[in-house]
Amino acid sequence: MTEPLVMARALVKRFGNFVAVDHIDFDVLPGEAFGFLGPNGAGKSSTMRMIGATSPRSGGELRVLGVEPDDYGPQVRARLGVVPQEDNLDTELSVSDNLYVYGRYFGIPRRQLRQRVAELLDFAQLAERAGDRVNDLSGGMKRRLTIARSLVNQPELLLLDEPTTGLDPQARHLLWDRLHRLKRSGVTLLVTTHYMEEAEQLCDRLVVMDRGRIAAMGSPRQLIERYVSREVVELRFDDEEAPAMASLVNGLAPHTEALADRLLLYTEDGDLTAQAVARRGLKPTNVLVRRASLEDVFLRLTGRQLVD
Amino acid sequence: MSSPAPRVGVTVASPRFARPAALVGRNLMVQKAVPYVWATGLVEPVFYLLSIGVGIGHLVGKMPGPNGAEVPYAAFVAPALLASSAMNGAVYECTTNIFDKLHWAKIYRGVVATPLTPRDIAVAEVASAVVRSALYSAAFLVAMAVLSGTRSPWALLALPCAVLVGLAFAACGFMSACYMRSWTDFDKVMLVQMPLFLFSATFYPLSVFPRWLQLLVEAAPLYQGVAACRELCLGQPSWDIIGHLAYLAALAGAAMAISTRRATKLLTP
Amino acid sequence: MAGTQVPMRLRPLHYFWATFRRQWRSDISTTFLTPVLYLASIGAGLGSFIKGGQVLASLGGEDYLSFVAPALLVTTAMQVAVSRSTYDVYGCKNWWSGAYRSMLAAPLSVGDIVTGHLAWVAARVGLASAFYLAVSAAFGAVHSPAAAADLVVGPVVGLAFAAPIIAYAITVRHEQPFVMIFRLVMVPLFLFSGTFFPLSQLPTGLRYIAYVLPLWHGVELSRGLYQGSLGAWPALGHLAYLVVVIAVGSMAASRTYRKELAP
Ligand SMILES: Nc1ncnc2c1ncn2[C@@H]1O[C@H](COP(=O)(O)OP(=O)(O)OP(=O)(O)O)[C@@H](O)[C@H]1O
Ligand SMILES: [Mg+2]
């Protein structure tokens, strides 16, 4: 059996009295893409920073690349790539100098580094902007530069904290493609996101986090199978009417959720349920039958929506 | 258990100064783009020397030196200006810059994700400031030799002395930057720096002051630099210099220790 | 206070006032302690070494304290004005959430922003001048009630620096160039405008440069007022010169502000 690259047992992070990460356990295996899915404030970034050896843990056990990150910070960081949630590029340096200087922090020899910088500029499709100041780049370009920067030391484990936030759909798909390529070349990915589509696209396995705890763990398919049914019927009502309607759909589906403007009916056959709704004489403004997603898993587990 | 082995090409660079050196290199790269900052930094102390040493010197005439014998005012005040410009330069260099990088540009957030530690950052920034300060001090010594007729070979030792002043105050500057919450806190730095500049026996001997103020000044950090530089530049060294230098070294060490702790808290919460 | 009654041109002051209210304690202590420390150290301390009839005659007959105090009021006006028109302009444009942009988003014109910022600088300089005046009176350096007119001279000198400097400050992309203003403009003027020793000690060439630059005019005005010896014609001449600098500077500022903020 291969040893996990990251192993957490009862891991805790406190800020003063506030518990941001509350006794979580998980393993990340070599070569896999592992995700943290959760709403704002769930503790995803706090967990990532502990793994990235830039935030000491407050309790529990943590091993990254086989050692304690708190004791071997520089050694661990030398082998990690980190894409932080907020870009923190060096605004006083040009695009290519950002990559070059970052490489120097890893002690990469100058000659080797120059070649690496050229490769990374191509990877990020920023070769034409190499001499520009970072502040003149668009948000998406900055993000790509940050991601390229995280690869300068050819990391074994790449930590991506909401890598595609602020990117347009095209840029997002491009980035997913790049990440798939990295994964194929053997890099282990750790991704946080609150986009379920991203989690489904990228992650072999993921945990759903909420208020510092892990609510569920598994592959996207497994989670959907385990916690929700195959299909969902969404009944949309006029403002604030939905909760009042909840009692009227009793018995139509094994499980229902009432949101402010919608009722969600979890069922094995959406069309049949939709017909049953019509027979009861309900008049929703809109009826939608769709496949269940991680969003539904989250709603089921926490009673709250992932993205409001 | 063994520590993890890095990939080819990546060195964790454990020697104490190799990691900060990369950040010093980054700072030099940025500063190379603004040569006028260097150039004007070399000129500024000379303005002070001309105005205060020569201009006011014309009004004052002579001043009693450390051993009581009268010396021309320019020769009296120049070493003090050397020390205080080392202080002003280092504080200027460290406070605004560092605060900007910490809180606005957030550059260090990226740096701590590499093998560099907050301590490496403190060392690198202070070292960068000291490099510049040393350059300015050397230029000042040359100007001083020309303008105020300093001839004693002891004056050469005033350079390391001024560098030590720069080091101590760069460390203090970094420390203050770590504790600042907003730009207006710079006013508080000014409130410390200004009395140090004006009252550290810079412009006239301590004997002017009442006894209590003399004791206060003798305990203040810039006074150590002024006294040591003055004795050396006037060619009248005493054993007191050892004490002055030890004081500055201790201040630098303490400020670095506090800076490291505070920066660690800020950057790796 | 009813916001609607404040004229547009002065509305940016709301912003500056709000920032001032947050930081007034440290601001006031710096503004107050600067004159105390300078007058004690340079005026009284160093002054005690400046004696002899001939030397004092070259300073206008009084002691050294009376010679430097009025000049220091003016150099402080310059320093306050320069620092409030470099980093503050840069900050309003780039840092602290782009205050200028939000002013433009409110119905303020670029001209209102220029006037508002300058009005703010003038107010701050006025405050600093008032402190200086009070402290130097306490030190016994004021010899005529005419010195009260420095409450106007201070802000006028301040504006003569602030107007051209904000015109430049709005155009910079990085705060590094400000150090040039400090080191190549402010420091030499501070040191060589007849502040610490009479201008007559300077070589002729340098003296003429000092005449052209605004600080010397302010120093002459202030010194004349402190001694009560200022003639009407020289006073008008100095003031007229400073007003011309302010006018040209403000015109330039409106232009560069428009170019940068509303291109
Ligand atoms: N340095 C800090 N000091 C105090 N509290 C903090 C700090 N960093 C994070 N927190 C708190 O910890 C909790 C978890 O924050 P974290 O950034 O880990 O959430 P997240 O899951 O990444 O959320 P988001 O999706 O918004 O990025 C939040 O309530 C946050 O306010
Ligand atoms: Mg986060």
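## Basis of the model

Local features of the predicted model require pLDDT of at least 70 and side-chain atom pairs pLDDT 80 or more, while totals for chains, interfaces and linings use all residues. Residues are numbered from 1 along each chain as its sequence is written, chains are lettered from A and ligands numbered from 1 in the order in which they are written, and side-chain values use heavy atoms, with hydrogens and water left out.

## The site of ligand 1

Ligand 1 is surrounded by residues from chains A and B, so the site is shared between chains. Of the 16 residues around the ligand (a heavy atom within 4 Å), those that come nearest are Gly41(A), Lys44(A), Ser45(A), Ser46(A) and Gln85(A). By class, this shell holds 6 nonpolar, 7 polar and 3 charged residues; Ala, Val, Leu, Ile, Met, Phe, Trp, Tyr, Cys and Pro count as nonpolar, Asp, Glu, Lys and Arg as charged, and the others, Gly among them, as polar.

Polar contacts are pairs of N or O atoms within 3.5 Å. An oxygen atom of ligand 1 lies 2.8 Å from a polar backbone atom of Gly41(A), and one lies 2.9 Å from a polar backbone atom of Gly43(A). For Gln85(A), an N or O atom of the side chain is 2.8 Å from an oxygen atom of the ligand. On its own, ligand 1 has 640 Å² of accessible area (Shrake-Rupley method, 1.4 Å probe), of which the protein covers 67%. Two or more residues of the shell come from each of β2 (18-28) and α1 (44-51) of chain A; helices (H or I, at least four residues) and strands (E, at least two) are DSSP runs numbered from the N terminus. With 4 residues, α1(A) gives the most.

## Cavities

A cavity is a set of points, on a 1 Å grid over the protein atoms alone, where a 1.4 Å probe fits but cannot get out; its lining residues have an atom within 4 Å of a point.

The largest cavity is lined by 23 residues, with Gln31(B), Glu93(B), Asn97(B), Arg132(B) and Gln176(C) closest to its centre. In this lining, α3(B) has the largest share, 7 residues. The lining divides into 8 nonpolar, 7 polar and 8 charged residues.

## A hairpin in chain A

Strands β8 (residues 205-210) and β9 (residues 213-218) of chain A run antiparallel and are joined by 5 bridges; strands pair if DSSP finds at least two bridges between them. Val208(A) has Ala216(A) as its bridge partner in β9(A). The two strands form a hairpin with 2 residues between them, and Arg211(A) in the turn has a positive phi of about 50°.

Conventions: Polar contact = N/O pair within 3.5 Å; in protein donor to acceptor, adjacent residues only side chain to side chain. 1 Å grid on protein atoms, 1.4 Å probe; cavity = no way out; pocket = protein on both sides within 12 Å on 5 of 7 lines; lining within 4 Å.
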